Amino acid sequence: MKRKNIMNNSESTKAISIELIKSLREKTSASVMECKRALVEVEGDFEKAIALLKKKGIAIAQKKANRATKEGCIGAYIHTGGKLGVLVEVNCETDFVARTPEFNEIINDIAMQIAASDPKYIDTSSITQECIDEVKASLLKEIEASSEPIEDKDKLLEEKLKIYLSEVSLYDQPFIKDPALTIRELIQNAIAKFGENITISRFIRYKLGEA
């Protein structure tokens, strides 16, 4: 029985093409071996492999969430024309990871995200309850002013609030290079890849003529 299992695993591994592993790695930023294992586990189903790696990435990120991130880099992005710029600090645990091209590529991607999507907060935990209450009051007025029949105002209010939070919270925004991922998931994938906790500490977005 053991020999049969070894043979089955060997056959499954052979059936996984290099192109499929490469595509999964580009999609998830997971290592080659992690992509290969995931594809073997789900018998070559690409979408299931993405879901599996996403689940593993979340689990790894949760385990490392309390680990200190005292190293990292400050990234800068200047948009074409020089009228829009971003500074962002992304932290990790070791200087070794901070100096890798892959880590700096993530920083650049995040800086470009901030330039393009103009988030106001790092995540929803940064938003005060007072601000959320003000937004809810404004959204409720908008709903009540609508001429269309609404069955459940509370449900619609929560849906609109969720959309608002996903727009202003950097972690909850869809990644501009791959809208199927949020920035939170991008960071979780990076944590799984590097084996270190990674956090976005602060950012500032400059636009010519704006205070």
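Questions on burial, bridges and strands

Me: Leu-39 is found in helix H3. Why is Leu-39 called buried?

Reply: This is a predicted model, and every value below is computed from it. Leu-39 has a relative accessible area of 0%. The cut-off for buried is under 20%, so Leu-39 is buried. Its C-alpha atom is separated by 8.7 Å from that of Leu-24, 15 residues away along the chain.

Me: Which residues of helix H2 are buried?

Reply: In H2, which covers residues 18-28, the buried residues are Ile-21, Leu-24 and Thr-28.

Me: How do you know that the buried residues of H2 line one face of the helix?

Reply: Viewed along the axis of H2, the buried residues fall within an arc of 65 degrees, and therefore they line one face. In general, an α-helix has 3.6 residues a turn, so residues three or four places apart point the same way. Ile-18, Glu-19, Lys-22 and Glu-26 are exposed on the other side of H2.

Me: Is Met-33 buried, partly exposed or exposed, and what makes it so?

Reply: Met-33 lies in helix H3, residues 32-41. Its relative accessible area is 43%. Met-33 and Ile-21 are 12 residues apart in sequence, with their C-alpha atoms 8.8 Å apart in space.

Me: What makes the contact of Asp-95 and Arg-99 a salt bridge?

Reply: The N to O distance between the two side chains is 2.7 Å. The rule asks for a Lys or Arg side-chain nitrogen within 4 Å of an Asp or Glu carboxyl oxygen, so the pair of Asp-95 and Arg-99 qualifies as a salt bridge. Asp-95 is partly exposed at 37% relative accessibility, and Arg-99 is exposed at 57%. By this rule the count comes to 9 salt bridges.

Me: How do you know that Asp-109 and Lys-177 link distant parts of the chain?

Reply: The closest N and O atoms of the Asp-109 and Lys-177 salt bridge are 2.6 Å apart. The two residues are 68 residues apart: Asp-109 is in helix H6 (residues 101-117), while Lys-177 is in the loop between strand E3 (174-175) and strand E4 (178-182). Asp-109 has a relative accessible area of 8% and is buried.

Me: What joins Asp-118, Lys-120 and Arg-205 into one network?

Reply: The side chains of Lys-120 and Asp-118 meet in a salt bridge with an N to O distance of 3.0 Å. Salt bridges that share partners join Asp-118, Lys-120 and Arg-205 into one network. Lys-120 is exposed, with a relative accessible area of 53%, whereas Asp-118 is partly exposed at 28%.

Me: Why is Glu-43 called exposed?

Reply: The relative accessible area of Glu-43 is 71%. Exposed means over 50%, so Glu-43 is exposed.

Me: Why are E1 and E5 said to stand at the edges?

Reply: The open sheet has 3 strands in the order E1-E2-E5, with antiparallel pairing. E1 and strand E5 (199-207) each have a single partner strand, so one side of each is left without a neighbour in the sheet. The twist averages 10 degrees from one strand to the next.

Me: What makes E1 and E2 a pair?

Reply: DSSP must find at least two bridges between two strands. E1 and strand E2 (residues 84-92) are joined by 8 bridges and run antiparallel, so they count as a pair. Within this pairing, Ala-76 stands opposite Leu-87, and Ile-78 has Gly-85 as its bridge partner. The hairpin of E1 and E2 has 5 residues between the strands, and Gly-81 takes a positive phi near 105 degrees there.

Me: Which residues make the nonpolar surface patch?

Reply: Ile-74, Leu-87, Ile-204 and Tyr-206 make a patch of about 390 Å². Patch residues need over 30% relative accessible area. Ile-74, in strand E1 (residues 71-78), has 60% and is exposed, so Ile-74 passes that limit.

Terms used. Residues numbered from 1 in each chain as written. Predicted model: local features only at pLDDT ≥ 70, side-chain atom pairs only at ≥ 80, totals over all residues. Heavy atoms only, no water. Buried < 20%, exposed > 50% of the residue type's maximum accessible area, 1.4 Å probe, protein only. Helix = DSSP H or I, 4+ residues; strand = E, 2+ residues; numbered from the N terminus. Arc of directions from axis to C-beta. Patch = residues over 30% accessible without salt bridge, like charges linked within 9 Å, V, L, I, M, F, W, Y side chains within 5 Å. Areas by Shrake-Rupley, 256 points an atom, 1.4 Å probe, with all protein chains shown as cover. Axes fitted to C-alpha atoms, helices over the stretch in contact; angles between N-to-C directions.
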